[in-house]
Amino acid sequence: MGAVILDPGQFSERLDLEMRADARDGHGGIVPGFAPVTSLWARIEPVAAGEEERADAEVFTVTHRIWIRFREDIAAGMRFRKGTRVFAIRGFHDPDETRRYLVCRCMEDGR
C-alpha cells in the first residue's frame, strides 16, 4: 500500500478528545464520566446509518471514519466530542503505517 496523501485543509473539524474518568459515588459504585484530553483538528467521514429500538425508543446510529494526526495515546473507549455530538471510538489504525495519520472507526448515537 502506498502512502496516504491528504490535503491539510481536509482536517476542518475541531473536536475534543475525551477519556474515561469514572468517579466514585460514595456508596461503593461509580459514576461514569469523561474528562477532556485535548482539542484537535480532524476529518469526519460518515460511513453508514442504522436504526434500532432501545427501551421503547427509536435510536439511530451513524458510523464514521474520523481522521486525525497520529497520536500514541488513542485507545478504544475514548471518544470525540463536537458540541453535543459524541463519537465513541471503537477501533483505529494507521492507514499506511507511516505514523502520520490515524483513522478512528467511531459510532455516534442519536435519539
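Here is a walk through the packing of this model, from its cores to its aromatic rings. The model is predicted, so to keep in mind: local features need pLDDT of at least 70, side-chain atom pairs count only at pLDDT 80 or more, and totals for chains, interfaces and linings use all residues. Residues are numbered from 1 along each chain as its sequence is written, and side-chain values use heavy atoms, with hydrogens and water left out.

Start with the largest nonpolar core, which has 14 residues. A core here is a set of buried Ala, Val, Leu, Ile, Met, Phe, Trp, Tyr and Cys residues joined through side-chain atoms within 4.5 Å; buried means under 20% relative accessible area, with a 1.4 Å probe and protein chains only. Ile 66, Ile 68, Phe 80 and Ile 89 have the most contacts inside this core. The largest share, 3 residues, comes from E8 (strands, E, are DSSP runs of at least two residues, numbered from the N terminus).

A second, separate core of 6 residues includes Leu 6, Phe 11, Tyr 101 and Val 103. Now to the rings: they pair if their centres lie within 6.5 Å, using the six-membered ring for Trp, and planes under 30 degrees apart count as stacked, over 60 as edge-to-face and the rest as tilted. Phe 11 and Tyr 101 are stacked because their centres are 5.8 Å apart and their planes at 15°. Trp 67 and Tyr 101 are edge-to-face, at 6.2 Å centre to centre and 70° between the planes. Trp 67 lies in strand E5 and Tyr 101 in strand E8, so this pair ties together parts 34 residues apart in sequence. Phe 11, Trp 67 and Tyr 101 form one aromatic cluster.

Note on methods: Buried < 20%, exposed > 50% of the residue type's maximum accessible area, 1.4 Å probe, protein only. Helix = DSSP H or I, 4+ residues; strand = E, 2+ residues; numbered from the N terminus.
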